[in-house]
Amino acid sequence: MLKIDNLSATVDGKAILNGISLEVPNGEIHAIMGPNGSGKSTLSYVLAGRDGYEVTGGSATFNGQDLLAMEPEGRAAAGLFLAFQYPVELPGVGNANFLRTALNSIRKNRGEPELDAMQFLKVARARMAALSMPEDMLKRGVNVGFSGGEKKRNEVLQMALLQPKLAILDETDSGLDIDALKIVADGVNAQRGENFSALVITHYQRLLDYIVPDRVHVLVKGRIVKSGGPEVALELEKDGYASVQEAA
Ligand code: ADP
Ligand code: MG
Ligand code: MG
């Protein structure tokens with residue numbers, strides 16, 4: 001499970017996260033919602049180990065391991081999937097090679113044999129068919145010229161291939177249309193089970209119509225001001241963020 005305890009962080013010397021505590025048990029899907037600028041993406045970047053984010057207090061552990069002490073690659077090897085690590089465009093890097101390299105480094109870490117190009121293609125094709133992804137997306141450069149929906153499908157394909165224990169998805173893209181939301185939701189729902197958990201970060205309630213979370217946490221000014229069941233998202237949809245912002 002993911003355990004975040006009193007986590008604080010700064011960006012450029014500015015305090016953005018101000019003591020966040022949160023536990024996501026195995027098998028559960030939690031959502032983090034909050035107004036723009038509340039620190040949602042910062043939280044996901046801190047958990048990913050992105051440069052420029054300084055942890056000033058608290059801890060984050062994943063199945064007892066100190067997440068914040070691990071290299072970003074080590075976090076992936078431990079079973080963490082961070083969606084936004086991958087949406088970058090990599091011209092000249094074939095999507096198939098990229099995905100196979102990512103998968104093999106995780107398989108190696110799990111003590112499983114690496115897949116050669118043919119074996120990988122077989123697995124990837126099966127997953128892609130399930131996602132209605134055209135096969136030529138394997139031949140293209142990573143995300144190069146992909147539409148928003150194709151990038152989302154690619155992200156979900158990565159998740160389906162890597163089979164993470166915990167996925168952290170920052171659905172930060174305000175341009176996400178309903179189709180793209182459904183792609184993400186179907187991908188997450190397909191992984192649901194006792195060995196999979198997710199932290200779904202979103203500004204929008206509508207994503208949670210498709211991914212029904214076990215718990216919802218509301219982040220305001222770098223603090224969790226409210227936690228509850230799926231009804232919390234529905235209340236926010238009705239009342240907006242004004243009421244929780246006043247409480248912060
Ligand atoms: P959210 O994802 O909830 O919209 P962010 O985590 O992106 O919020 O941003 C939280 C706050 O941190 C905002 O006030 C934003 O301006 C600030 N911030 C984010 N990144 C940087 C940065 N690189 N330098 C300075 N301030 C930043
Ligand atoms: Mg934002
Ligand atoms: Mg954001």
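Begin by selecting Gly111, which follows helix H3 and has a positive phi, near 80 degrees; helices here (H or I, at least four residues) and strands (E, at least two) are DSSP runs, numbered from the N terminus. The model is a predicted one, in which local features need pLDDT of at least 70 and side-chain atom pairs count only at pLDDT 80 or more, while totals for chains, interfaces and linings use all residues. Residues are numbered from 1 along each chain as its sequence is written, and chains are lettered from A and ligands numbered from 1 in the order in which they are written.

Next, select residues 95-109, the 15 residues of H3, which reach 21 Å from the first C-alpha to the last, close to the 21 Å expected at 1.5 Å a residue (the expected span being 1.5 Å times one less than the number of residues). Within H3, colour Asn95, Leu99, Arg100, Leu103 and Ile106, which are buried (20 or more other C-beta atoms within 10 Å of the residue's own; exposed means 12 or fewer, partly exposed in between, with C-beta atoms placed from the backbone). Looking down the axis of H3, you will find these buried residues within an arc of 135 degrees, so they line one face of the helix; the arc is that of the directions from the helix axis to the C-beta atoms.

Now move to ligand 1 and show the residues around it, among them Val11, Asp12, Asn36, Lys40, Ser41 and Thr42 (each with its C-beta atom, placed from the backbone, within 6 Å). Strand E2 (14-24) and helix H1 (40-48) each supply at least two residues of this shell, and H1 gives the most, with 3 residues.

Stay with H1, where 7 of the 9 residues are buried, including Lys40, Thr42, Tyr45 and Leu47. Gly49 follows H1, and its phi is positive, near 85 degrees.

For a strand pair, select E11 (residues 215-220) and E12 (residues 223-228), which pair in the antiparallel sense over 5 bridges (pairing requires that DSSP finds at least two bridges between the strands). Leu219 stands opposite Ile224 in E12, and the hairpin formed by E11 and E12 has 2 residues between the strands, with Lys221 in the turn showing a positive phi of about 50 degrees.

Finish at Ile178 in helix H6 (residues 178-191), which counts as exposed because it has 11 C-beta neighbours inside 10 Å. Draw a distance from Ile178 to Gly149: these residues are 29 apart in sequence and 9.8 Å apart in space, C-alpha to C-alpha.
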